[in-house]
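Trainee: I would like to go through this model and learn what the terms rest on. Please set each value against its definition.

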Amino acid sequence: MEPLFDIPIAGILFQLIDYMIRVLTLNGAVILALAAPIALGSYCGFMNERSGIVNIGIEGMMISSAFAGWFVASLVVQAFPDQPKADFFFGASPALLIGVLAAIITGMLVSTVHAWLSITVRADQIISGVVINIVALGITGYLIIIISRTAPISAGKFVPYTPPEFLTDLPFVGWIFNMFLNHGPITMGVIIIAIVLQILLFRSRWGLRTRSVGEHPKAAETVGIDVIRLRYRNVILGGIFAGLAGAWFTLDFGNSFQANMTAGRGFIALAALIFGRWMPLGAFGAALLFASASSLSIAIRTIPPTGELGDLLTAIPGQFWQALPYLVTIIVLAGAVGRSVAPAAVGKPYERESAS
């Protein structure tokens with residue numbers, strides 16, 4: 001491909017394509033890691049919106065779960081300093097497992113609040129999500145300021161699995177094995193969850209009922225489906241994925257908590273859901289796209305290409321590359337609007353008709 005680099009003007013484009021391919025193949029594991037919280041957040045949105053409930057409070061659910069998982073795990077370590085670790089399972093300790101459980105429970109509790117406001121109270125679902133985001137960001141930001149004064153002990157994090165070299169050294173496909181296997185349990189579970197949810201959506205009774213409730217709840221009620229109960233169940237179960245996304249920040253990818261550390265990934269998760277046409281595998285693919293933009297922006301700022309392309313890219317202010325993932329999100333979302341059709345009943349409160 002190098003002879004193409006010498007072509008005037010077009011050569012720079014070929015250099016850029018070559019550079020992007022090298023970044024994506026070399027940083028495949030980083031891309032999947034960055035995609036994990038976005039994908040998990042989109043699964044939470046999938047469970048909500050396929051049932052007819054808008055959820056823009058994913059950001060608040062994620063940050064609440066991240067704090068709860070880290071804080072509970074730290075308390076367990078302080079109470080029991082000598083923690084046994086299961087080397088056969090990502091170096092997991094009781095503190096880490098309890099922390100993940102605390103994160104999941106927190107995500108489900110916040111989702112229960114959203115379900116109550118949206119389904120029972122029939123409040124504006126957008127307002128409910130906004131309130132969750134504001135309250136969660138404010139409370140966790142305040143609590144970390146107080147807790148940081150006592151310097152709590154970190155619970156550590158899961159140890160990534162190291163794939164065997166005979167897989168990662170394979171020509172052409174070795175980087176794919178490294179991309180999907182060189183991670184902790186939460187990141188590795190992202191693709192499995194997407195496949196399971198995709199199958200359940202189109203090949204199970206639950207999936208059929210969920211789609212019917214999201215498209216035409218009154219018709220679903222006439223055939224014996226309890227719309228209110230199903231919506232409650234799906235919204236609360238969606239909190240599991242928001243909880244796992246939060247645990248990813250403080251127990252899988254990192255080992256500490258910082259205020260506003262989710263950095264808008266909950267909103268990017270909603271964009272991934274829309275671009276993925278409200279399907280789990282589509283949302284996972286969109287999450288990989290947004291994570292690739294993040295990886296590319298990091299690479300350009302840290303290891304820019306050489307030659308004319310490097311001179312061109314480094315001349316662009318660094319703030320542009322920092323904003324690149326969010327710009328890609330806006331561009332992709334703008335292109336998806338009008339092409340992706342949301343469930344017909346999403347955002348519309350449902351009220352049972354009187355028996356009389």
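Trainee: Where is the place of P164?

Mentor: P164 sits in the loop between α5 and α6 (165-168). Helices here are DSSP runs of H or I with at least four residues, strands are runs of E with at least two, and both are numbered from the N terminus. This is a predicted model, so local features need pLDDT of at least 70 and side-chain atom pairs count only at pLDDT 80 or more, while totals for chains, interfaces and linings use all residues. Residues are numbered from 1 along each chain as its sequence is written, and side-chain values use heavy atoms, with hydrogens and water left out.

Trainee: Why is P164 called partly exposed?

Mentor: Buried means under 20% relative accessible area, exposed means over 50%, and partly exposed is in between (1.4 Å probe, protein chains only). P164 has 27%, so it counts as partly exposed.

Trainee: What about P160, and which residues is P160 in contact with?

Mentor: P160 also has its place in the loop between α5 and α6. Contact means heavy atoms within 4.5 Å. With neighbours within four places in sequence left aside, P160 is in contact with N182, H183 and G184. Its relative accessibility is 40%, so P160 is partly exposed. The C-alpha atoms of P160 and F90 are separated by 6.0 Å, though the two are 70 residues apart along the chain.

Trainee: Is F90 buried or exposed?

Mentor: The relative accessible area of F90 is 18%, so F90 is buried. F90 is found in the loop between α3 (58-79) and α4. Its phi is positive, about 60°, although F90 is not a glycine.

Trainee: How do you know that W278 counts as buried?

Mentor: W278 has 5% relative accessibility, and therefore counts as buried. The residue lies in the loop between α12 (265-275) and α13 (280-302). Phi of W278 is near 60°, a positive value in a residue other than glycine.

Trainee: Why is S111 called buried?

Mentor: S111 has a relative accessible area of 0%, so it is buried. Its place is in helix α4. Not counting residues up to four places away in sequence, S111 touches M61, V235, I236, G238 and G239. M61 is 50 residues from S111 along the chain, yet their C-alpha atoms are separated by 7.4 Å.

Trainee: What makes D18 and R22 a salt bridge?

Mentor: A salt bridge is a side-chain nitrogen of Lys or Arg within 4 Å of a carboxyl oxygen of Asp or Glu. For the side chains of D18 and R22 the N to O distance is 3.1 Å. Both lie in helix α1 (residues 10-26), 4 residues apart, about one turn of the helix. R22 has a relative accessible area of 40%, so R22 is partly exposed.

Trainee: How many salt bridges does the rule give?

Mentor: The count comes to 2 salt bridges. R122 forms one with E351, with the closest N and O atoms 3.7 Å apart. This pair links distant parts of the chain: R122 is in the loop between α4 (94-120) and α5 (125-147), E351 is in the segment after α15 (318-336), and they are 229 residues apart. R122 has 38% relative accessibility, so it counts as partly exposed. E351 has 48%, so E351 is partly exposed too.
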